[in-house]
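Let's take a look at this protein together, starting with its charged side chains. Here are the sequence and the model.

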Amino acid sequence: MNNILVIIYFFLIFILMIFSYFYLLPYLKKLKFGQSIRKEGPRSHYIKSGTPTIGGIIIFITFLLSLFLFLVFFKNLSFTYSEILDLILILFVMIGYFIIGLIDDLLIIIKKNNKGLSPLLKFSLELIISIFFYFLYLYFNKSTKVSFFNLDIELFFLYGPFICLIFTSCTNATNLTDGLDGLLSMSILPVIVGFIFMGMLFGNNSVVIVSASMLISIIIFLFFNFSKAKLFMGDTGSLMLGGYLGVMAIILNIPFMLLIFGFIFVIETLSVILQVYFFKRTKGKRLFKMSPIHHHLELSGFKEATIAILYFIISTICVVVGVVLKLVI
């Protein structure tokens, strides 16, 4: 009977989510919520101008719907008090970064260019979310120890800046990676599966159901986001996903595992840093044809779909390596 309920659950949620996409896509087009393409980007992207953006709204709606249905269908799933607090922390971060991304996307749409929130204001808002999370984290009597495999390091008051570093790094990395059709979605899918496994390994139901809900939402989003994309997630989605990565690592106390699980995001960020550094040091020369590195690959002749699949494979390998290391060490 339980197996039948699971099948019914997944069938119901897929039908509801796909229906929501077909309903909301025309609505977004009608409101002219189209993407503005930055002039500095590849010329091949100019044809994407006008493609509906703010797809992160639908990701978030379907994520919440999936989470709700999980809780309804699996009433026998018992949550400890600590797991309930974890769920509050997770949702606080995801909602916070979702709102920042939404404001940024709406400004881009209103201005009809690719300039939303200023970098300073966006960073300030992200910092505010991090600080509020830190104090909420302390209020819930969570540990300020950081686990590096089997070694626990007590950070005390330095845990606050550490949290800010994680959230800032994750949100900027996912934002940079969201540059091609399906790229961020394909890159993060294996990572979400990795967090589901880690949640099961640590026995944290909140992490498992949140990640399972996110997995379902991203898989369905890919139907509309893979090349050629009918919908972009925008900063609304990319910042929320960055917040998801950061808070999962903190809740499970495996922050350094992000370097392995999120290796793709590390490479994307490093490629931008190296490009800027090389440009300044050589007074105008470029290390890559364009950064982030996915644009370099694109300008080197790789198709967007090929790059997205390549990133998915690399991300999958990194997650498997991370899980194996966690089990062995």
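## Where we begin

Which residue forms a salt bridge with Asp86? The partner is Lys142, and the closest N and O atoms of the two are 2.6 Å apart. A salt bridge here is a side-chain nitrogen of Lys or Arg within 4 Å of a carboxyl oxygen of Asp or Glu.

A quick word on the model: it's a predicted one, where local features need pLDDT of at least 70 and side-chain atom pairs count only at pLDDT 80 or more, while totals for chains, interfaces and linings use all residues. Residues are numbered from 1 along each chain as its sequence is written, and side-chain values use heavy atoms, with hydrogens and water left out.

Helices (H or I, at least four residues) and strands (E, at least two) are DSSP runs, numbered from the N terminus.

Both partners are tucked away. Asp86 has 5% relative accessibility, so it counts as buried, and Lys142 counts as buried at 16%. Buried means under 20% relative accessible area, exposed over 50% and partly exposed in between, with a 1.4 Å probe and protein chains only.

## A network around Lys122

How many salt bridges does the structure hold? There are three. Asp104, Lys122 and Asp235 are linked in a network of them.

Asp104 and Lys122 form one, with their closest N and O atoms 3.1 Å apart. Asp104 lies in helix H3 and Lys122 in helix H4, so this pair ties together parts that are 18 residues apart in sequence. The side chain of Lys122 also meets that of Asp235 in a salt bridge, at 3.1 Å from N to O. That pair links distant parts of the chain too, with Asp235 in helix H8 (residues 234-251) and Lys122 in helix H4, 113 residues apart.

## A look at helix H2

Helix H2 (residues 55-73) has 19 residues, and its end C-alpha atoms are 27 Å apart, which agrees with the 27 Å it should span at 1.5 Å a residue. That expected span is 1.5 Å times one less than the number of residues. Buried residues in H2 include Gly55, Phe60, Ser66 and Phe70.
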